[in-house]
Amino acid sequence: MFNNIVEIVVNHWPDFLEGVGMTLLMAMIAMSLGTFFGTILAFLKVYSNKFVVSIVSGFIEIIRGTPMLVQIFIFYFGLPVYGIRMTAFGACILGFIINSSAYQAEYTRGAIQSIEQNQMTAARSLGMTRNQSIFSVILPQTIKRAIPAWTNEFIYLLKYTSLAYIVGAEELMEKAKVIASRNFLFLKIGKETGNSWYGNRQIKKIASKQKLKKLLKKKEKLKNMKKVA
Amino acid sequence: MSENKHILRVENLRKSFGDNVVLKDVSFTMDKGETKVIIGPSGTGKSTLLTCINQLVKPDSGTIYLKDINVTKAEEMNKIRARIGFVFQDFGLFSHLTAMRNVMIGPVKVQKMNKEDAKNLAYEELKRVGLLEHADKYPAQLSGGQKQRVGIARALAMQPELILFDEPTSALDPELIGEVLAVMKDLADNKMTMLIVTHEMGFARTVSDEIIFMEDGVIVEQGTPEKLFKNPEHKRTGEFLFKLTELYGEGDE
Ligand SMILES: Nc1ncnc2c1ncn2[C@@H]1O[C@H](COP(=O)(O)OP(=O)(O)OP(=O)(O)O)[C@@H](O)[C@H]1O
Ligand SMILES: [Mg+2]
């Protein structure tokens, strides 16, 4: 068994590498954009007027309060209804970025608020503008304090990229599965298509549709249960 | 108004927070080179008064003049704040910057001084408060007394016309109070204009030109330390001074 795994890895290392690369790439894109937007959201939440604060908080709560998978399904299967079409990869990336933004907004807000109000007051007393105070006093400290949270976030994101396979982005888990299917013949795939990108797509499409159907059925059941109740 | 000899003139200042009337008609002046000490029970509005002067808190009514400028109506408040130093009870140092950079940041960001000049200036101010050898330390590496001296150096670097101190030694261990008071006394001797909220009676008595006794949002009495300690007009002043001296001692000055 162990030998088999080693053999598979050795024989298919370019595929694995590609999958690892894709996972890392997705996580890195999500991480950097998530950090960027999350920081903006956090500062808006702490320093802007009530109206903006309520919008930002609402957004963060909705994103944090719903499963990311559902959000990705909505982007991939729901948005085309409104004429917005995206690739599976795009839908996943979007989901990761938005989620990461919402979570990081909360970490960063915590970091901002852990910096004593007194430092803001001191900066303003020196004659610094609000923006100067935010950029040269609060922001640098926020970044320092948020680093441990970022490390965790990146690990989470790496795990989440495995989600991508459900709607079909090319990433590690999927690669592993495709390779497994080739070697152990879990699924009967034509020799020509099995190795091709198209083949991968088809499997994923079927898989994701089945997942969606399951989900919809569940929802239907719930609805019926509610009706009964 | 042509010539105004006062550096600071506070007239009929009022401030409430909701139903809580904190300042009720406060008026006083400060001349160049004067050191005045404000004393009074907790919750009397001493901090509120100081923060009204640099407009961190907006008064409800009354006027504040810094020389000829009406601070309460000023449009460029940041420029005025740059001319008024503020030293805080809990220091308010920027934790991500070294002592040197804490002192440099005001001149660089607010006065757009170039880094080299700001560094030289910060060097001078740190020397003045006796902290040259700690210039490259971060606030977390400094003792309370050293932190507060950095706070004073930071205020000084702006070349302020007036420095406001809000209980600068109240957060310090007793053995560290002296080094901060010594720096403040040195400033007073060099004719820096200072308005200081403090309970340090020894300092008030020997260093200040005048003591302002506040209670319940009004100035009950003001005068020279000599007069207030020996011959107060109001009974409350005498009682309060007696209590403070009992609590905090005469001080070493
Ligand atoms: N931002 C604020 N909002 C509401 N109330 C405030 C605010 N700042 C101060 N107060 C109230 O104003 C009153 C005066 O407070 P202030 O801090 O000026 O007193 P103080 O004389 O400095 O007292 P202490 O000696 O305790 O520092 C207090 O009752 C306080 O609760
Ligand atoms: Mg106070």
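This is a predicted model: local features need pLDDT of at least 70, side-chain atom pairs count only at pLDDT 80 or more; totals for chains, interfaces and linings use all residues.
Biologist: Thanks! Why is K36(B) called buried?

Modeller: Buried means under 20% relative accessible area, exposed means over 50%, and partly exposed lies in between (1.4 Å probe, protein chains only). K36(B) has 4% relative accessibility, so it counts as buried. E34(B), with a relative accessible area of 17%, is therefore buried too.

Biologist: And what makes K36(B) and E34(B) a salt bridge?

Modeller: The rule asks for a side-chain nitrogen of Lys or Arg within 4 Å of a carboxyl oxygen of Asp or Glu. For K36(B) and E34(B) the N to O distance is 4.0 Å, and the pair is listed as a salt bridge. By this rule the count over all chains is 18 salt bridges.

Biologist: How do you know that E125(B) and R128(B) are about one turn of the helix apart?

Modeller: Both sit in helix 4 (residues 115-128) of chain B, 3 residues apart. A helix here is a DSSP run (H or I, at least four residues), numbered from the N terminus. E125(B) has 5% relative accessibility and so counts as buried, while R128(B), at 35%, counts as partly exposed.

Biologist: What makes L33(A) part of a nonpolar surface patch?

Modeller: Patch members need over 30% relative accessible area and no salt bridge; nonpolar side chains (Val, Leu, Ile, Met, Phe, Trp, Tyr) are joined within 5 Å, like charges within 9 Å. Areas come from the Shrake-Rupley method with a 1.4 Å probe. L33(A) has 35% relative accessibility and so counts as partly exposed. With F36(A), F37(A), I40(A) and L44(A), L33(A) makes a patch of about 420 Å². L33(A) belongs to helix 2 (residues 13-47) of chain A.

Biologist: Last one: how many disulfides are there?

Modeller: The structure holds 0 disulfides over all chains; the test is a pair of cysteine sulfur atoms within 2.5 Å. C92(A), at 0% relative accessibility, therefore counts as buried, and C52(B), also at 0%, counts as buried.

Definitions and conventions
Residues are numbered from 1 along each chain as its sequence is written. Chains are lettered from A and ligands numbered from 1 in the order in which they are written. Side-chain values use heavy atoms; hydrogens and water are left out. Helices (H or I, at least four residues) and strands (E, at least two) are DSSP runs, numbered from the N terminus.
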